[in-house]
Amino acid sequence: MSNDTGSRRPNGLQYIAYCYGRVLPDSMRDWVRQDLGGKGATIRTMIRWAIPCVLVLAPFWLIPTTLVVHLSMTLPIFAPYVMFSHALDKVWRRHRLSQHGLDPDLADEYKRSRDAHIHRAYIERYGPRQ
């Protein structure tokens, strides 16, 4: 007795495929909206993109050597990877939102709601922006 309309969260395989580019069914649009535009979306995206890099770099830690050598083999690759994933995070989330048929501006939805009081205070003090 499965109810397809009640399927609001992806199962394990759907979630893994979604993390790396697959489009989820329309019944999960609310979940996608919250995942890509809600609180913690940046961190979730960066973790999802760090996992493949960690998997590629993990075998270097199996080589018997010192901690300094391990770090010198992996950090020059991992650190820029994390920085680029952070720099391209909003671009990726906007792309994923448009893939799912949602407004790409929803990537900033949480930030706008979080900073709304700052914008209201500005308007009260200086008037609306033009």
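Reply: We may begin with accessibility. A residue is called buried when its relative accessible area is under 20%, exposed when over 50%, and partly exposed in between, using a 1.4 Å probe and protein chains only. At 31% relative accessibility, R29 therefore counts as partly exposed. D26, at 57% relative accessibility, counts as exposed.

Me: What should I know about the origin of the model and its numbering?

Reply: This is a predicted model, in which local features need pLDDT of at least 70 and side-chain atom pairs count only at pLDDT 80 or more, while totals for chains, interfaces and linings use all residues. Residues are numbered from 1 along each chain as its sequence is written, and side-chain values use heavy atoms, with hydrogens and water left out.

Me: How many helices and strands does the protein contain?

Reply: Helices (H or I, at least four residues) and strands (E, at least two) are DSSP runs, numbered from the N terminus. The protein has seven helices and zero strands. Its pattern along the sequence is accordingly written α-α-α-α-α-α-α.

Me: What does the radius of gyration of the protein tell me?

Reply: This radius is taken over C-alpha atoms, and the globule rule used for comparison is 2.2 Å times the number of residues to the power 0.38. The protein has a radius of gyration of 20 Å, well over the 14 Å given by the rule for 130 residues, so it is more spread out than a compact globule. Along the principal axes, its C-alpha trace spans about 60 × 55 × 20 Å.

Me: How should I read contacts?

Reply: Contact means heavy atoms within 4.5 Å. Of the contacts in the protein with a separation of 6 or more, 50% are between residues 24 or more positions apart.

Me: How many salt bridges are found in the whole structure?

Reply: A salt bridge is a side-chain nitrogen of Lys or Arg within 4 Å of a carboxyl oxygen of Asp or Glu. The search of the whole structure finds eight salt bridges. One of them joins R29 to D26, with the closest N and O atoms 3.5 Å apart.

Me: Which residue forms a salt bridge with D89, and where do the two lie?

Reply: The general idea concerns helix geometry. An α-helix has 3.6 residues a turn, so residues three or four places apart point the same way. In this structure, D89 forms a salt bridge with R93, their closest N and O atoms being 3.1 Å apart. Both D89 and R93 belong to helix α5, four residues apart, about one turn of the helix. D89 is buried, at a relative accessible area of 4%, and R93 is buried as well, at 6%.

Me: Are the partners in the bridge between R114 and D115 buried or partly exposed?

Reply: The closest N and O atoms of R114 and D115 are 3.2 Å apart in this salt bridge. R114 counts as partly exposed, at 43% relative accessibility, whereas D115 is buried, with a relative accessible area of 16%. Elsewhere, salt bridges that share partners join D35, R44 and R48 into one network.

Me: Which residues does D108 touch?

Reply: D108 is found in the loop between α5 (89–99) and α6 (109–114). It is buried, with a relative accessible area of 15%. Not counting residues up to four places away in sequence, D108 touches K90 and R94.
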